[in-house]
Amino acid sequence: MSVSPVLALTTGEPAGIGPELAAMLAVAPVAGSRVVAVGDPELLAERAARLGLALEIVELAQHEAVPAAAPGRLLVWPVALRAPARPGVLNTANADYVLETLDVAIAACRDGHAAGMVTAPLHKGVILDAGHAGFRGHTEYLRDACGVEEVVMMLATDSALHALRPGWRGPAALRVALATTHLPLREVADAITGESLTRVLRILDIDLKRWYGLTAPRIAVCGLNPHAGEGGHLGREELEVIEPVLAALRAEGLRLDGPLPADTLFTPRHLEGVDAVLAMYHDQGLPVLKYAGFGSAANITLGLPFPRTSVDHGTALDLAGSGRADPGSLRVAVALAAQMASRSIIQ
Ligand SMILES: NC(=O)c1ccc[n+]([C@@H]2O[C@H](COP(=O)([O-])OP(=O)(O)OC[C@H]3O[C@@H](n4cnc5c(N)ncnc54)[C@H](O)[C@@H]3O)[C@@H](O)[C@H]2O)c1
Ligand SMILES: N[C@H](C(=O)O)[C@H](O)COP(=O)(O)O
């Protein structure tokens with residue numbers, strides 16, 4: 001019998017739903033994973049008690065062996081809160097705590113103590129308010145921490161995930177990757193250059209092969225402008241940037257459709273046979289994905305040296321401490337990271 005991969009689970013913004021989702025997960029662990037939460041043990045105990053969850057919290061050092069998952073036991077690599085945390089109330093004093101949980105998980109992956117990491121949601125605004133001026137999100141933080149030039153954000157609601165949710169009625173496989181991530185809309189067009197788009201498409205092609213076992217992934221690429229620029233009348237980025245990149249990469253063997261108008265690309269007939277869609281910006285692609293699968297989807301960072309997945313939702317400060325948060329996305333994020341770590345993703 002193979003040993004389940006160890007996954008570092010960062011518990012996210014302490015005023016949000018991340019700590020209680022970690023507690024819910026420990027009550028009913030995802031099969032095939034050994035999760036170690038990264039966070040403050042007292043905070044996790046307090047959120048579990050608030051929800052009436054009986055949990056044994058076991059603190060581990062990173063070099064210690066990680067036992068098999070057991071329902072009701074939460075393994076923790078401890079990081080101390082900087083200030084007491086109240087559900088729903090952000091505190092800039094804890095921004096460094098959140099970033100330290102990321103640093104601990106990244107180090108564990110890089111040192112081989114974990115096979116991958118899963119992240120509960122953090123609050124970008126409070127980290128920026130605390131003075132971390134360049135902070136944009138986990139994706140960009142991981143890129144810089146791992147010293148890679150480019151990473152790609154992809155959210156997925158796919159067949160492997162749907163196997164966990166028998167009631168799922170959405171498309172069989174929807175994966176949406178982004179050419180740009182957390183940028184003001186005003187800056188998007190300038191950020192899409194021939195070089196950046198080429199890097200993104202190469203990473204997407206390589207990692208669809210690497211993590212999903214697709215031999216020749218077919219990628220549909222959205223235009224940037226309405227109706228993919230309407231032949232240059234509604235914007236020239238398609239003609240001047242996107243089409244030349246696609247032509248050059250097709251000549252290298254990549255299977256690329258587009259640039260296609262995003263409004264009709266995201267319809268079942270056009271998605272047939274497509275392994276992933278590349279959207280040009282955050283709110284071109286993610287609303288479609290979240291409409292199709294909010295709560296059953298995961299966020300994956302492609303281009304890193306190890307698997308990293310995350311939930312499809314944010315800190316939900318309005319629900320924190322209530323026990324009403326749905327752990328569904330965290331469960332699929334853990335299952336997907338475990339599958340990626342064992343490179344056995346179901347098609
Ligand atoms: N993976 C991440 O770290 C991540 C992802 C998305 C957003 N965020 C951050 O979260 C913060 C809040 O963002 P937002 O308000 O736009 O989105 P949000 O996802 O926190 O909340 C949007 C709505 O969805 C509900 N919701 C979210 N998660 C839920 C769950 N598990 N179960 C039931 N309902 C849930 C919330 O109650 C709210 O009504 C922002 O700082 C944003 O940047 C972080
Ligand atoms: N863009 C993501 C979403 O809307 O779900 C989210 O903000 C998380 O991004 P990071 O994983 O980069 O924090």
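Where is His 227 found? His 227 sits in the loop between strand 8 (218-222) and helix 9. Helices (H or I, at least four residues) and strands (E, at least two) are DSSP runs, numbered from the N terminus.

This is a predicted model, in which local features need pLDDT of at least 70, side-chain atom pairs count only at pLDDT 80 or more, and totals for chains, interfaces and linings use all residues. Residues are numbered from 1 along each chain as its sequence is written, while chains are lettered from A and ligands numbered from 1 in the order in which they are written.

**View 1. Histidines listed by UniProt.** An unreviewed UniProt entry lists His 182, His 227 and His 282 under "binding site". UniProt positions follow the numbering used here, feature names are shortened, and annotations may be inferred rather than shown by experiment.

**View 2. The loop between strand 8 and helix 9.** Besides His 227, this loop holds Ala 228. Ala 228 is not a glycine, yet it has a positive phi of about 50 degrees.

View 3. Ala, Val, Leu, Ile, Met, Phe, Trp, Tyr, Cys and Pro count as nonpolar, Asp, Glu, Lys and Arg as charged, and the others, Gly among them, as polar.

**View 4. Helix 8 against helix 9.** The axes of helix 8 (residues 194-212) and helix 9 (residues 237-251) come within 10 Å and cross at roughly 45 degrees. That makes helix 8 oblique to helix 9. Axes are lines fitted to C-alpha atoms, for helices over the stretch in contact, and angles run from 0 to 180 degrees between N-to-C directions. Angles under 35 degrees count as roughly parallel, over 145 as roughly antiparallel, 65 to 115 as roughly perpendicular and the rest as oblique. In helix 8, Gly 194, Leu 197, Thr 198 and Leu 201 meet Val 241, Ile 242, Pro 244, Val 245 and Leu 249 of helix 9. Seven residues of this contact are nonpolar, two are polar and none is charged. Contact requires C-beta atoms, placed from the backbone, within 7 Å.

**View 5. Helix 1 against helix 2.** The axes of helix 1 (residues 18-27) and helix 2 (residues 41-50) come within 9 Å and cross at roughly 75 degrees. Helix 1 and helix 2 are therefore roughly perpendicular to each other. Pro 19, Glu 20, Ala 22 and Ala 23 of helix 1 touch Leu 43, Leu 44, Arg 47 and Ala 48 of helix 2.

Methods: Two residues are in contact if their C-beta atoms, placed from the backbone, lie within 7 Å.
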